[in-house]
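I opened the model to look up a few helix and strand contacts. My notes follow in the order I made them.

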Amino acid sequence: MIPENRRRFLGAVLGGARRAPGGAGRMRPPVTRSRPAPEARDTPDSVPDTRDAGDPMVLDVIEANLGAGLPEGMALLTVIPVRQDDGSPAFRLRGVCCCGDATDFPEVYGRPRLELGSLVSGDGELPADVLSLMQMWSRTKTWLIRWLDRRLAAHGDRLQLVIWDDTGYRIPWELFWLENNSGRYEGWLGGIVTTTRWLSIRTSWPEAVRDYRSAHTCTGPVATYIDGAMDHDLSLLSGYQVEPSGSMYELTKALRTDGDALALVYVAAHGEFGEQVSECTLGSLPLMHVDPMRFLRLKPSATFVFLNACHSGSLGYDTKWINDRVLRGFAEVFLRSGAAGVLATNGGVGDRLAHEMAGELLRRLRDTPGLSVAQAVRDLRAEAASLAPVDLAAVTGTAANKKLLTLLYRFMYVCYGSPRTQVLPDTAKGAR
Ligand SMILES: [Zn+2]
């Protein structure tokens, strides 16, 4: 397909996303558009220098006894930012499992440019090409493939994987292509394994942060902010007790006040992601204003947070003003306040799919007692993967590529926190 066709295709299928409309005051270009040339963008200042043994953020992830207390079936993969010999940004991996298998992978990999926010956008690549890129990139991570294979052999479908990624490279791990010699567990990681993310959280009050290893159960009403243009999402919550807010600011104000336990915080709004994370917005509220907030309402008991907006789960380092090597993003603010999990996105999702995703997720959680949010998200990804063409080389033309978009959108949803967190909101009086 020629580039002009591709542009038109992307323009046609990516309309109606949960990002701020063009020309909005706080709108920032997608991450690729504001990037400098490749030569300039990998300057030593753009990533944390992990050769500095005094860097506490890195010590969190390297020196912590990561295997301690992992429950049966849980494995932890840490993604550690490092530099290659020539100074360019890279990462290495370390895996630990409940059964004691701890591995420092000897390979160092260069920073990939596989951010879904850039790849799946108006300036991005064809869906079949995005997926092929992910397969090409995954294929050479031989240590990881074999380690994951051993985890699946030991724990099967019950495997829960927490990916602690401190790189800020925005790698779409859920789209890691899992190769398998027998073919049994072959496919996209996030559709095969219950997967969540974690990150180092810099806080004076670490005791407020909820443990990613524990099984949390979130009960109580649902606090919401739903943008007027997305008020069809209101119907998804009609069976529950809801505490609505009229703006993102009002919601954050309500969450900063002490109060009874909440099961869920649900946000449906536009989101924006900029080159510097301090340029991000959610529901037109800048991350700059949200970052310093502490949500006391999340303190008394476990609460799950669903930020159903574009780029709501993206994390990055601010190198323009702050330069403190701390990962920032909306998901981090909620986890720092004690959220037992955050479901958010790593790119621009279409409004229709965002609505469907929330509806399907809430239905599954309601109908399947004991199902964790992360398991439900895995199942929803698996469903999308099963409906998409497997033979990417055979995908040509707009219609075939459009089918793959559903898959890409589903895999853009990323869970943070414990893979065992369950959500059981209070039902509305008279409901059911
Ligand atoms: Zn194990």
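I count two residues as in contact if their C-beta atoms, placed from the backbone, lie within 7 Å. This is a predicted model, so I keep its limits in view: local features need pLDDT of at least 70, side-chain atom pairs count only at pLDDT 80 or more, and totals for chains, interfaces and linings use all residues. Residues are numbered from 1 along each chain as its sequence is written. Helices (H or I, at least four residues) and strands (E, at least two) are DSSP runs, numbered from the N terminus.

**Entry: α5 and α13**

I looked up where helix α5 (residues 127-139) meets helix α13 (residues 398-412). P127, A128, V130 and L131 in α5 meet N401, L404, L405 and L408 in α13. The residues of this contact divide into seven nonpolar, one polar and no charged. Here Ala, Val, Leu, Ile, Met, Phe, Trp, Tyr, Cys and Pro count as nonpolar, Asp, Glu, Lys and Arg as charged, and the others, Gly among them, as polar. The axes of α5 (residues 127-139) and α13 (residues 398-412) come within 8 Å and cross at roughly 55 degrees. The two helices are therefore oblique to each other. Angles under 35 degrees count as roughly parallel, over 145 as roughly antiparallel, 65 to 115 as roughly perpendicular and the rest as oblique. Axes are lines fitted to C-alpha atoms, for helices over the stretch in contact, and angles run from 0 to 180 degrees between N-to-C directions.

Next I followed the strand pairing; two strands pair if DSSP finds at least two bridges between them. β1 (residues 74-83) pairs with β2 in the antiparallel sense over nine bridges. I80 stands opposite R92 in β2. Five residues separate the strands in this hairpin, and G87 takes a positive phi near 90 degrees.

β2 (residues 89-97) also pairs with β3 (residues 102-110), antiparallel, over six bridges. In β3, V108 is the bridge partner of R92, and A102 is that of V96. The β2-β3 hairpin has four residues between its strands, and G100 in the turn has a positive phi of about 95 degrees.

Is β2 mostly covered or mostly uncovered? I found seven of its nine residues buried, so to say mostly covered. A residue is buried if 20 or more other C-beta atoms lie within 10 Å of its own, exposed if 12 or fewer, and partly exposed in between.

**Entry: P425**

P425 is found in strand β18 (residues 422-425). P425 is buried, with 23 other C-beta atoms within 10 Å. Leaving aside neighbours within four places in sequence, P425 is in contact with P221, V222, Y240, A263 and L264. L264 is 161 residues away along the chain, yet its C-alpha atom and that of P425 are separated by 6.8 Å.

**Entry: the open sheet**

I traced three strands in an open sheet, in the order β12-β13-β14, with antiparallel pairing. β12 (271-272) and β14 (285-286) stand at the edges, each with a single partner strand, so one side of each has no neighbour in the sheet. Two bridges join β13 (residues 281-282) to β14. L282 stands opposite L285 in β14.
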